[in-house]
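Biologist: I've got a model open and I'd like to learn how to read its contacts, salt bridges and helix packing. Could you walk me through it?

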Amino acid sequence: MKKIALLIFFTFIGVSLIISQESNNTLLTIDGEKISEEEFLRIYNKNTQNIDSGERTDMDEYLDLFINFKLKIIEAKNQGIDTIPTVKEEIQKHRKELAKPYLVDNKVLDSLVREAYQRSKKEVKASHILIKFPKNLTYEDTSFTYEKAKDILKRLIKKGEPFNEVARATSDDPSVKKNGGNLGYFTALQMVYPFENKAYKMKPGKISNPVRTKYGYHLIKKTGERKAKGEVRVAHIMLLAPESMPEEERKEKKKKINEIYHKLMKGADFKEMAQKHSDDKGSANQGGKLPWFGIGRMVPEFEKAAFSLDKKGQITTPVRTSIGWHIIKLLNKRELGSFEEEKNKIKKKVTNNPRYSIARDSLIKQLKDTYKFSKNDSLYERFASNIVKENKIYPFAGKDRILKKKLIEFEGHSFTLKNFTQYQKQAPKKLSQRYQGRYFLDEALKSFADEKLIDYEREKLPEKYPEYKYTFKEYREGILLFEIMDRKVWSKAAEDTAGLKKYFNNHRDNYKWGERFKGKIYLADNKKILS
């Protein structure tokens, strides 16, 4: 290790640390790297209480621990551990995860969470007709699909044809053959956001204009609305008996499920019966237990039977679904809690939902204003007309100097047309699989510009948000600490056979049992009784 210099200036008054005021508030300098008093105090204040004893951590002791920790981190850097590809990849992965909450408009995100909570209090029933987009979408396709949806709407509104009949004749939703377009009841966060938005805002009995989602255009008929039923937790015993099964086998399954039901009525243990008989092997080992679920998560027959149970321990008669036969036992029921109780759970769902992009797009719009984003529209139009012919993209046939021109600029950064062409050729699969022609090119440019803005904002997070800066540093140093300890101590010790044997011999007495006895003692008044 290189020479280490420690420059420590501090005195103690009570529990406060008064540190000599240097221009940069440096507390320690180790191998030329300066460590601020702010960093030390931040970590110390997070760990002021000893986990084992519950007592306040002594600052002298903690400073020693802190110095030892930093020595190991700097040694890891000196050995180049932070440049190893796998370590760099892990650090970058954590960096992106930590940055996520800072790379959205949190006001918009909060409003989406509150909206989802309010909608979760109700359940909506609707039917729909879907006119699906073709793969490799073009602008012409969207216009054609929209017009087709408008023509179908005329049949429903002007001609008054029954919704379910029109749905069976025109809808591209494969389930329409069975349900006539009826989706049953659903609640917030179960449908794509534009669909949910429209369904919740409509009045029962009304039919919507075409609603665009990523799947295509929908015509929605709202058929009901009710207070949310909350969630249930049940256990079930299932016997597989799909329609594809031979009739004789299905009859046997029906006979068997009835036998199981009668045994349960006579007092047989539900858990044991599930473990022994249920064809749902995933839940059978748990006595048939299923996770909590709400409306719209199970097949309709199962859902209806489960929510019909009122008392814990109550079971249904055998229930037939498309999968087979079920006997359902109610384990628990719960209603929607307060916003504070549900907030974190709903936020997690919103964050993993496509509607999260609304909060991200809102931030990008703000960044464009803040960083004075500009796009060379005339250059882009020349480029697009050069490479897009009849919804196919060809290599650029113009002069090379055009590719060197700036396409987008913001905050002193610029990206050329060539930068974009390189991105366009390796564009995310979600774009190349969904769009084609000019539509693909426009979406690729939007994605390119958004990524550059977000990348730039991510780089600025440490100076904007001290909490992010320190948290990322802690993660990074934690990874480096693990790597150097593993290489220099744990793995090394595991390979040191002689050292392990020596340690074992020196410490074996520390791990021996004391005098002990296992058995039974019988006492008797005389030998005869004892024998």
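Predicted model: local features only at pLDDT ≥ 70, side-chain atom pairs only at ≥ 80, totals over all residues.

Biologist: Let's start with Lys122: which residues does Lys122 touch, not counting residues up to four places away in sequence?

Modeller: A contact here just means heavy atoms within 4.5 Å. By that rule, and with those sequence neighbours left out, Lys122 touches Phe186, Thr187, Tyr200, Glu225, Arg226 and Ala228. Residues are numbered from 1 along each chain as its sequence is written, and side-chain values use heavy atoms, leaving out hydrogens and water.

Biologist: Where is Lys122 found, and is Lys122 buried or exposed, or something in between?

Modeller: Lys122 sits in strand 5 (residues 122–132). Helices (H or I, at least four residues) and strands (E, at least two) are DSSP runs, numbered from the N terminus. For burial, the cut-offs on relative accessible area are under 20% for buried and over 50% for exposed, with partly exposed in between (1.4 Å probe, protein chains only). Lys122 has 30% relative accessibility, so Lys122 counts as partly exposed. Its C-alpha atom is separated by 8.2 Å from that of Ala188, 66 residues apart along the chain.

Biologist: Next, the core. How many residues does the largest nonpolar core have?

Modeller: A nonpolar core is a set of buried Ala, Val, Leu, Ile, Met, Phe, Trp, Tyr and Cys residues joined through side-chain atoms within 4.5 Å. In soluble globular proteins, nonpolar side chains tend to be buried together. Here the largest core has 62 residues, and Ile129, Leu407, Leu417, Phe420 and Leu441 have the most contacts inside it. Its largest share, eleven residues, comes from helix 19 (residues 437–464). Take Ile129: leaving aside neighbours within four places in sequence, its contacts include Ile152, Leu156, Phe163, Tyr217 and Leu219.

Biologist: And how many salt bridges are there?

Modeller: The rule asks for a side-chain nitrogen of Lys or Arg within 4 Å of a carboxyl oxygen of Asp or Glu. That gives a count of 35. One of them pairs Lys77 with Glu33 at 3.3 Å, N to O. Lys77 lies in helix 2 (residues 59–78) and Glu33 in strand 4 (residues 33–36), so this pair ties together parts 44 residues apart in sequence. Lys77 is partly exposed at 23%, and Glu33 is partly exposed at 24%.

Biologist: What about Arg119 and Glu196: buried or exposed?

Modeller: Both are buried. Their side chains meet in a salt bridge of 2.7 Å, N to O. The bridge links helix 4 (residues 106–120), which holds Arg119, to helix 8 (residues 193–201), which holds Glu196, 77 residues apart.

Biologist: Last one: at what angle do helix 2 and helix 20 cross?

Modeller: Axes are lines fitted to C-alpha atoms, for helices over the stretch in contact, and angles run from 0 to 180 degrees between N-to-C directions. The axes of helix 2 and helix 20 (residues 466–495) come within 9 Å and cross at roughly 75°. Under 35 degrees counts as roughly parallel, over 145 as roughly antiparallel, 65 to 115 as roughly perpendicular, and the rest as oblique. Helix 2 and helix 20 are therefore roughly perpendicular. Among the residues that meet are Phe69, Lys70 and Ile73 from helix 2, and Lys473, Glu477 and Leu480 from helix 20.
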